[in-house]
Amino acid sequence: MSARGRAFDAAIALAIGVWSVTEVFVENLQPVWITAPLMALGCSALYWRRRYPILVGIAVVSMAILQAAIGMSLHTAVGPVVGIFFVSWAIGAYEPRPRAVLGLVVLVCGMWVAMGIDLLRHTDHYAGTDFPWVGALVATPGVLGIAFGARTRSLHAAEARARQLELERREAVVAERARIARELHDVIAHSVSVMTVQAGAAEEMLKRDPGRALEPVRAVQETGRQALVEMKRLVGILRDDDDEIGLAPQPGLADLDRLVEQMRDAGLPVEVRIEGERRPLPLGVDLSAYRVVQEALTNALKHAGRASAIVTVCYGESDVTIDVADDGDGGVKTSDGHGLIGMRERIGVFGGTFAAGPRDAGGFAVSVRLPLGGGA
């Protein structure tokens, strides 16, 4: 509860307490030396009526029973009656419905007990209709509180659900931005690596055969153009003022031939083997599979030395497995130290398995299994 709510509850308890104690002296409610403290104690309990409505209700009716037992007329003081109304409302508004009904029954029965003691002591006289009338009067605020509380709880539930949805939306935005960051890393790392190797090849050809140097230069240009297109698409996802950017299709295993051709042009012989019936995959799985192959081949191009690579894609009934193996010097380095971690995270999102390490026969291998159910 807020500080403002606590201050309001304290003000209510104090106001009713002062009112009730004042009535003790104004109406000369005997015995004053017991009645006044009981009034003050019972009214002070009102401060906790929202947090412990039923307990406060029991405390208030207990005070009423004690007051009746010592001979104070319950008809005379108005302040305690107002306090009981506040407690009745609190029981209905802040307790779940079954507990609220039980609390109101306790409150009404407690008042009837106090009235019965009052009647037996001949402190007051009640007509036959007084008991049901007082019971209805005490219960009415609680019944209204139950109706109001149900509406309030419904509103609170809706607000909580809205806050949860907003939190989920923000988490989704953060996750999407992280995904885009990984995508940008893959695009830049792959493209720059290919362009660096091609530029080096062009430099060597300029020394040996200037006429052939045009081929790697063109490969650098093509790789750069593709990198710019994909970066523009990814960055466009973050822009609110451009609806067209970001609509370009994301790469998948259907683009594997183009990726392999790039690698071959960059100087890495690559063989592709397809097992099983080639078919469309869920978008997330397809993109992740492509990125794993891209990252693994980029690492082989940069760190395996003079090597060749074999890419094996196996389409199963419920999964797709990918193996990328090279026969280089077995280097475990990645494009920036985060490549293997990034690949492992990608696969983990879809509940897949990931393994990477040096091969017994030499070289390095990356093996991935992606279940098809996780990317739909």
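The protein exposes about 20200 Å² of surface. Carbon and sulfur atoms supply 62% of that area. The areas come from the Shrake-Rupley method with a 1.4 Å probe, and for residues only the protein chains shown count as cover.

Keep in mind that this is a predicted model: local features need pLDDT of at least 70, side-chain atom pairs count only at pLDDT 80 or more, and totals for chains, interfaces and linings use all residues. Residues are numbered from 1 along each chain as its sequence is written, and side-chain values use heavy atoms, with hydrogens and water left out.

Now the overall make-up. The protein has 376 residues, and 42% of them count as buried. Buried means under 20% relative accessible area, exposed means over 50%, and partly exposed lies in between, with a 1.4 Å probe and protein chains only. There are ten helices and five strands. These are DSSP runs numbered from the N terminus: helices are H or I with at least four residues, strands are E with at least two.

Next, contacts, meaning heavy atoms within 4.5 Å. Take the contacts with a separation of 6 or more: residues 24 or more positions apart account for 72% of them.

On to helix packing. Start with helix α2, residues 32-44, and helix α3, residues 53-69. Their axes lie 9 Å apart, at an angle of about 170 degrees. Axes here are lines fitted to C-alpha atoms, for helices over the stretch in contact, and angles run from 0 to 180 degrees between N-to-C directions. So α2 and α3 are roughly antiparallel. That label needs an angle over 145 degrees; under 35 is roughly parallel, 65 to 115 roughly perpendicular, and the rest oblique. From α2, the contact uses T35, L38, M39, L41 and G42. From α3, it uses V60, M63, L66 and Q67.

The second pair is α4 and helix α5, residues 97-120. These axes come within 8 Å and cross at roughly 160 degrees. α4 and α5 are therefore roughly antiparallel too. I84, V87, S88, I91 and G92 make the contact on the α4 side. A100, G103, L104, L107 and M111 make it on the α5 side.

A139 is buried, at 17% relative accessible area. A139 and S88 are 51 residues apart along the chain, yet their C-alpha atoms are separated by 6.5 Å.

Now the aromatic rings. Rings of Phe, Tyr and Trp (its six-membered ring) pair if their centres lie within 6.5 Å; planes under 30 degrees apart count as stacked, over 60 as edge-to-face, the rest as tilted. How many aromatic pairs does this rule give? The count is two.

Y47 and W48 form an edge-to-face pair, 5.1 Å centre to centre, with 90 degrees between the planes. Y47 is partly exposed at 21%, and W48 is partly exposed at 39%.

W89 and F148 form a tilted pair, 5.3 Å centre to centre, with 40 degrees between the planes. This pair links distant parts of the chain, 59 residues apart. W89 sits in helix α4, residues 79-94, and F148 in helix α6, residues 130-208. W89 is partly exposed at 31%; F148 is partly exposed at 39%.

Last, cysteines. The structure holds zero disulfides, a disulfide being a pair of cysteine sulfur atoms within 2.5 Å. C109 is partly exposed at 36% relative accessible area. C314 is partly exposed at 26%.
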